[in-house]
Amino acid sequence: MALHQGTLGTDHGPERRRLSINPFFGLADPVGDMTSAPPSHRLPDGPMPPPTAYQLVHDELMLDGNSRLNLATFVTTWMETQATELMAECRDKNMIDKDEYPRTAELERRCVAMLADLWHAPDPATAVGCSTTGSSEACMLAGMALKRRWTNANADRYRGGARPNLVMGVNVQVCWEKFCNFWEVEARLVPMEGDRFHLDPQTAAELCDENTIGVVAVLGSTFDGSYEPVDEVCAALDAVQERTGLDIPVHVDGASGAMVAPFLDEDLVWDFRLPRVSSINTSGHKYGLVYPGVGWALWRSSEELPEELVFRVNYLGGDMPTFALNFSRPGAQVVAQYYTFLRLGREGYRAVQQTARDIASGLAQGIEALGDFRLLTRGDQLPVFAFTTAPDVTSFDVFDVSRRLREKGWLVPAYTFPPKREDLSVLRVVCRNGFSSDLSALLLEDLRMLLPDLRRQSHPASAEREPAPSFHH
Ligand SMILES: Cc1ncc(COP(=O)(O)O)c(C=O)c1O
């Protein structure tokens, strides 16, 4: 369906007023107040009591999946009560009103400083950054900075019709396709090859030319949770610079990994320690452990972020630089991010992420041991792994498994890989804080229990259905 198209639903025509509603929905007299259901695709003619409106909306939402059992999402689905209390206290604060909410603005600045330090900015005091609604917005901002730097440096050729391009793996998240589409940048995609499911540094370097605004390296791929080799990408671009003089910056899309690697893979060099890394983004609402939606974008220094992209808002009588696509957005998530940083510290984050990784690795091994599946990744980078059916399994496929697990309440997505590996369909499990080892054991048990049934099928049920679309999350 295209966006949210207006639809009149069943609210018009002779049967305009639906008549079936729980008589209890009246206020004092159960049947004397609201006796017919209000329209749901047209503004009701008059008001209704709050408990009635609440109950109607609440009841409909019961049909949504249970977010804690949603193993498709990277987004935080559990926070402690103190965090949710703080968020409730701040839900009326608009992040853009820096002058009116100076303490919220200050907490945002502290978060940026903490991330700059965590990601080894050469001088955390001069690194620049901002909060966003999520990684998608952060990636748009980082991409815009790359494009503007390139157009400033290549003004004549740009005016003469040169088309900027961005080099990245075909596995990038859909936000990068959006960026290229919205900002008219050619997407140069490094395809998957054999069992390589992410960016190959050499191929990336070969795709670069004088119109390349940057290379995106993803720390942890959405498709399978694997880290792309950021250091090798930088080294390949160093060689390009030596050969051609082209100095091509790297943006690290650390939507998930930038909040995992600093705690669990301290020796992995992927961040501002690499001089070629010009900017990094992360989702505060993924492994940053905050409810949606908050993200972060940071640049190594103000030189990486062209000044003309920065707008100024009123702040304590002076002006404060801002870089964002939105104007208004909630302050609560930023406050919750600061709370979580303060609450956990490095040791706390390490413990949470290590637990998620242990659960992911243990579950991956358990699934491998069932004998019907082949692991593509093992949950030892992001706490995420992808697996497919073993080569000798012909009676069912990953789509059958996803469908049957859904019957048990588990949301485990199945999807087809992008070009050059479209033959490969996988299931992916994202382990997050709140997906406990008990829940993981229950998932494994449910999977084990449904295998005999699946093995008895004569062929995969999906063979009779439309081909599944490729996955975009
Ligand atoms: C690597 C990567 N980049 C960007 C995004 C988009 O992030 P957000 O949902 O925070 O906008 C995702 C989301 O899964 C992702 O995995």
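Me: Leaving aside its neighbours within four places in sequence, which residues is Y227 in contact with?

Reply: Apart from those neighbours, Y227 is in contact with L219, G220, G257 and Q381. Two residues are in contact if their C-beta atoms, placed from the backbone, lie within 7 Å. The model is a predicted one, in which local features need pLDDT of at least 70 and side-chain atom pairs count only at pLDDT 80 or more, while totals for chains, interfaces and linings use all residues. Residues are numbered from 1 along each chain as its sequence is written.

Me: Why is Y227 called buried?

Reply: A residue is buried if 20 or more other C-beta atoms lie within 10 Å of its own, exposed if 12 or fewer, and partly exposed in between, with C-beta atoms placed from the backbone. Y227 has 22 other C-beta atoms within 10 Å, and is therefore buried. Y227 belongs to the loop between β4 (212-218) and α8 (230-244). Helices (H or I, at least four residues) and strands (E, at least two) are DSSP runs, numbered from the N terminus.

Me: Why are A37 and H120 called partly exposed, and why does E184 count as exposed?

Reply: A37 has 16 other C-beta atoms within 10 Å, so A37 is partly exposed. H120 has 17 such atoms, so H120 is also partly exposed. E184 has 9 C-beta neighbours inside 10 Å and so counts as exposed. A37 lies in the segment before α1 (50-61), and its C-alpha atom is separated from that of L56, 19 residues along the chain, by 9.2 Å.

Me: What makes β7 a partner of β1 and of β6?

Reply: Two strands pair if DSSP finds at least two bridges between them. β1 and β7 have 5 bridges and run antiparallel, and S131 stands opposite W296 in β7. β6 and β7 are likewise antiparallel, with 5 bridges, and T282 stands opposite W296. By contrast, β4 and β5 pair in the parallel sense over 4 bridges.

Me: How do you know that α4 has about the span expected of it?

Reply: The expected span of a helix is 1.5 Å times one less than its number of residues. α4 has 19 residues and reaches 27 Å from its first C-alpha to its last, close to the expected 27 Å. In α4, 14 of the 19 residues are buried, so the helix is largely enclosed by the rest of the structure.

Me: How many helices and strands does the chain have, and why is it called as compact as a globular protein of its length?

Reply: The chain has 12 helices and 13 strands. Its radius of gyration is 25 Å, close to the 23 Å that the globule rule gives for 473 residues, so the chain is as compact as a globular protein of that length. The radius is taken over C-alpha atoms, and the rule is 2.2 Å times the number of residues to the power 0.38. Buried residues make up 41% of the 473 residues.
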